[in-house]
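Please look through the structure below, and then follow the text from its overall build to a few pairs of charged side chains.

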Amino acid sequence: QNAERLQFLREELSWLYTRLIRGGNPGDPSTPAATPETWIKIQEREKEASILWRGLQARHAEELSLLREAPLSASDVQARLQENSCIVEYFIARGQLIIFVLTKQSVFSYPLSESIDEVLRLMEERNFQFSKFEYGSNYYERHKNALLQTANILLDRLSEKLILPIWEKLSEIDLINIIPHGPLHNLPFHALRQNGKFLMET
C-alpha cells in the first residue's frame, strides 16, 4: 500500500512540476500558472514521499536495493569521474535554486540570489516560442529568421541564469554531466548558449 501511495505521489509531483512552467491555457506565454498553493502542495508531497521512501527502505531494504544503489559519498563519485569532467547538479528548495559543481578535485555550491520564478518564466516563454515550429513548414519559412533569433535570445537568457554563474569553474572541463531537478528536467541544457555557441559545442 505504501509503495502504491509513493508511486501516486511521484506521478502527482510530476504533474505539479509541469504547472510551474505551463500557462493556464495551451500556448499561453503569460506568467506560469503556479501559485503559492502549488509550492505548498509540492513541499507537502515531497515531504510525504520522503517519509514513505525511508519507511520502505527500512522494511524492504533487499527489494529496494534492486531499485536504488547504495548512496555514494562525494569522494566516491570523484574517484569515478573522468579527468577533465564534472557533475553539475541543480536543486530547488523553497523556491530557490542551488547549483552544485563536483569536479575530480573539489565540490562547490552556488546558491542563486533570485528565486526560480524568473527561470520558470523564461522556460514558459521558450515553450511558447518553440510551439510555433509546429505551425508547419510554410509558417517556418516565412518567419524562420525571427523564430531563430527569439529562440537564441531565450536560450542566452536561460544560460545567464543557469550556466554563467558556474562558467568560470567549467573553463577547463571537457565533459559536463548535468543533473536537473523538478521542472528543469524539461529544459534542453545542451541547447543553452554561452558566448554565442550551444553548450554541447563549447
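Accessible areas here come from the Shrake-Rupley method with a 1.4 Å probe, and for residues only the protein chains shown count as cover. By this method the protein exposes about 12600 Å², of which carbon and sulfur atoms supply 51%. This is a predicted model, in which local features need pLDDT of at least 70 and side-chain atom pairs count only at pLDDT 80 or more, while totals for chains, interfaces and linings use all residues. Residues are numbered from 1 along each chain as its sequence is written, and side-chain values use heavy atoms, with hydrogens and water left out.

The protein has six helices and six strands, where helices (H or I, at least four residues) and strands (E, at least two) are DSSP runs numbered from the N terminus. Along the sequence they follow the pattern α-α-α-α-β-β-β-α-α-β-β-β.

The structure also holds eight salt bridges, each a side-chain nitrogen of Lys or Arg within 4 Å of a carboxyl oxygen of Asp or Glu. One of them joins Arg5 and Glu48, whose closest N and O atoms are 2.8 Å apart; because Arg5 lies in helix α1 (residues 2–19) and Glu48 in helix α2 (residues 36–59), the pair ties together parts that are 43 residues apart in sequence.

Glu118 meets Arg157 in another salt bridge, at 3.9 Å from N to O. Glu118 belongs to helix α5 and Arg157 to helix α6 (residues 137–162), so this pair links parts 39 residues apart in sequence. Salt bridges that share partners join Glu118, Arg121, Glu125 and Arg157 into one network.
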